[in-house]
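Here's a quick tour of a chain and what sits inside it. Have the sequence and the model open as you read.

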Amino acid sequence: MFPQHAISTLFNFPEEEEKVIKFWREIDAFNTSLKLSEGRPVYSFYDGPPFATGLPHYGHLLAGTIKDIVTRHAHVSGFHVPRRFGWDTHGVPVEHEIDKKLGIESRADVLGMGIDKYNAECRAIVMRYSSEWRKTTLNLSFMESVWWAFKQLFEKDLVYRGLKVMPYSTGLLTPRSTTPRVLTVAFPLVDDPKTALLAWTTTPWTLPSNLALCVHPDLTYSKIYDEERGVNYILLESRLLAVYKDPKKAKYKKVGQFRGEDMRGWRYAPMFEYFTEKYEDRAFRVLVDTYVTDKDGTGIVHQAPAFGEDDHRVALAYEVINADEMPPCPIDDAGRFTNEVPDFVGQYVKDADKEIMKVLKAKGRLVRQDQEKHQYPFCWRSNTPIIYRAFPVWNVKVSLIIDDLVKNNSETRWVPQNVGENRFGNWLANARDWSISRNRYWGTPIPLWVSGDLEEVIAIGSVAELEQLSGVTGITDLHSDKIDHITIPSKQGKGNLKRIPEVFDCWFESGSMPYAQLHYPFENKELFENTFPANFISEGIDQTRGWFYTLLVLSTHLFGKAPWQNLIVTGLVLAADGKKMSKSLKNYPDPNLILDKYGADATRMFLVNSPIVRGDNLRFREEGVREVISRVLLPWLNSFRFFLGQAALLKKATEYEFTYDAHAPLSSNVMDRWILARCQSLIKLVKEEMAAYRLYTIIPRLLELIDELTNWYIRFNRRRLKGEDGLEDTVVALNTLFETLFTLCRTMSSYTPFLTENIYQSLRAFIPENPSAGDTRSVHFLLFPDIKEEYFDPTIERQMKRMQTVIELTRNIRERNNLSLKTPLKELLVFHPDGEYLEDVRSLQRYIQSELNVRDVVVTSEETTAGVRYRAVADWAVLGRKLRNNLSKVKSALPDLSSDDVKLYTQTGRMIVAGIELVEGDLVVQRHIELPNGEGTYGTQTDNDVVVRLDIQVHLELAGEWLARELTSRVQKLRKKAGLQATDDVEVYYRFEEGAGAELRDAMREHAEAIERTVRSVPAEASTRKEGSKVIIEEEQEIAETKFLLSLVRP
């Protein structure tokens, strides 16, 4: 049972959300909702890969919010929505945590402790976060489906083995502080030892592996003679800074120049002799490629094919190395030099920089050395340098299906669309083959069993197949430590085939989740085929090169189509200063503290109503969450509490217990019909925008409706809702207010699941029992409301919009002139040339008079009477593009146009200004009322359509008139409430608190005749009432912040 709402106590949003969570647990809300939706069409949703090695942060909250909103809305829209959250539990992040814990520095350390023990530690860390993330790629069924997918690719000849240069984190436990070294080094020419090519490098440790130099074919290189050193250098003349701190003061002279293309094939003396014997015939020469730049360095790039992607590509192109050959790579897994480089063996590469520089200096090869601020890539997980190195890898062919990828992607909806078309589309158009293997341990093993010479290769696609070919039975775990001992007899007489040591890139597993989560094709074949592709997925913009990409590649290869129909891509959540959120900098508030302080609903709404759901970045501001509470949630809550209060007041005053009538006749009250029509507009908008996955358009409309509900409907109907117009009208007004609140709950339940549930639980008490309604215990069990077309009334919506405009313009005049709404004013004039507009204003005149506290409202279309004038203004930026040089002439002449000239332009659509013809659309015409300077009689305002003029003089007699009118109105409403007929005579008495009511007494005396004429009685002090007289009705009133008791008594 949900706790009863305490109307007068402070509403603590986080604490109230805890009550809701407790209630959901009691009714098992999630599973109950799934049971209730069984048999409906299935809405398919794929969750992306959160990391298993940390608790949720704002990025997770954002992703979870969007997924929750969309899937909740799908559920209430009539779908069955099974939800599984999260899959990524293999890969580097998990291993990094274990490496830190156990002091692992190299592959040898892992092998020393045993892969089985290492993987057991990895499995344990995944389970450590099970209460925060529920997922697994580590179970057998998931991994078996990944094997199946891989075998499909292998059998289609889409898998091959090659070399690839990739970023590699050495992952040492103790981060090395490295000062980036920027070196300019000399490579003497074989044919001219007195002339050296100058190359520039920020990675001295790669120099022992140098095999070539590279220049740009179209750049011009200069040969200079260095007078102090007595040698010639070749480099780009524009890059002399790489040699001299101040080239203007340097002592050198230019002695020649060459195009890069002319330098092709020049041979130079190797820097080190470690690899000369193997590569002397094909290496140590100048190569040519356009990737070389003149923006930094010397324009000559040192090539170490094992440590640079371009280095490797160019070396392959010039046959310095072969495709299946590992280039010189004299470092181990921990980033330490091997015995291939005996001078530096055992040294960590970045530590070896200093020693290498000493050798270069001794050889006379070091031309210049700097310790400049140069950004060196660091692993964000281990804070150790990232190096690039060549690895033997297994690849999936992608380049041959680029056209299919582009086509399949174009058939899906991206929100925002430009990310799918541009950022992702461009990535697809330049897609390269995908390296799917990793030299790690915690992951799904690649199911290839090979002979020692790699000539015989068998791909395994299931546990059954492995058991059949190996003869080993009872396999229940596919991790490497459980299967690497299994061999398969060779069919070619090559002994036993062993599994290759690599595991899958975790993105291959994540990209396989659509079928792997269902153990397809081994189980759930029909279920998968009926729910693929997914209706919806959503992740951050960083996944354009991650999960979105791998999903599409595998789906295109395996099924020939995209794996999603609709995709929402989000930007990044940044700190308030626009920088990346950093735990060490503490530049953002802890998410748990924000949730504990403001609640989940406020946080959700802040995130969704931001640029981030349009693919842009969001600066997270705590004030933004606070504003959601003050601008949205509190006004909404207060409207609900106002309803509860008035329903209780009705019961207390009349013993009438309000119940909601869903089939009540359409109210004749204009504002009732207007607010209900506005509710239908919200329902319509949410339906349409959610169908288009534009979540960011919903909250502004919700804000608008809550403003309309609180500041217009309730404000203008407060007396009706309080019962002043009689029981029947009060019930109609309460029914309208209830339906508005009920509609808000059902429409917004996906966005604010906690507050809507809380409010709904109190509203339920007013809804009659309906056995055919099903389980109505939670608002989340109810279907999304249908649009009630009969509620729409364009005329009423137009009338209300115009009334609001007149009121807001007039309020503005009052504010400018420091005139409180409590000050009665004499006259408001409303001008508009359109009779329909004026009739709309006239139809709601009583609301305008009441709200603005004006005695008379005059509507007119007579320009002369109102003093209306016309003026023309322009959007100079737009008009400037049309007029160009003539713009200044028009700009000078425009203020001198007469009102009649501008009015004529509105009729003809043409006007000559400074000799230049302007046509319709060039100018914006504004109506206004010109007031004499220093005139204090009137204030005026316009929205360039309607014009209002307010008499701003304070007339003291109006205050008494207004008070008398208000008192008369209260007496009349009290008569109506008591059920009196016009012919029934009553006496009217009042009682003020001591010392109060002087202004009201004066007004009653001054306007006694007018009051008596209307109510047929002059109000008198309650103390003068005859003893024993019968009170018909008695009620507390308030006029101009003065409270008093008003009584109707039988004469």
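Let's start in the middle: the largest nonpolar core has 109 residues, and those with the most contacts inside it are Leu 633, Trp 636, Phe 643 and Tyr 713. Helix 21 (residues 622–654) gives the most to this core, with 13 residues. There's also a second, separate core of 64 residues, which includes Ile 460, Leu 478, Ile 486 and Leu 567. A nonpolar core here is a set of buried Ala, Val, Leu, Ile, Met, Phe, Trp, Tyr and Cys residues joined through side-chain atoms within 4.5 Å. Buried means under 20% relative accessible area, exposed means over 50%, and partly exposed is in between (1.4 Å probe, protein chains only).

A word on the source: this is a predicted model, where local features need pLDDT of at least 70 and side-chain atom pairs count only at pLDDT 80 or more, while totals for chains, interfaces and linings use all residues. Residues are numbered from 1 along each chain as its sequence is written, and side-chain values use heavy atoms, with hydrogens and water left out.

Zooming out, the chain has 35 helices and 35 strands; helices (H or I, at least four residues) and strands (E, at least two) are DSSP runs numbered from the N terminus. Of its 1051 residues, 54% are buried.

Now for helix 32 (residues 899–908), where Ser 899, Val 902 and Tyr 905 are buried. Down the axis of helix 32, its buried residues fall within an arc of 120°, so they line one face; the arc is taken over the directions from the helix axis to the C-beta atoms. The face turned away from that buried side carries exposed Asp 900 and Gln 907.

What do the buried residues of helix 32 pack against?

| Strand | Residues |
|---|---|
| Strand 26 | 868–873 |
| Strand 27 | 910–913 |
| Strand 28 | 916–919 |
| Strand 29 | 924–929 |

Strand 29 also holds His 928, which counts as buried because its relative accessibility is 8%. Leaving out residues up to four places away in sequence, His 928 touches Gly 867, Val 868, Arg 869, Tyr 870, Arg 871 and Val 947.

Elsewhere, helix 12 (residues 417–429) buries Val 419, Gly 420, Phe 424, Gly 425 and Leu 428. Their cover includes helix 11 (402–410), strand 12 (413–415), helix 18 (547–559) and strand 21 (566–570).

Methods: Contact = heavy atoms within 4.5 Å.
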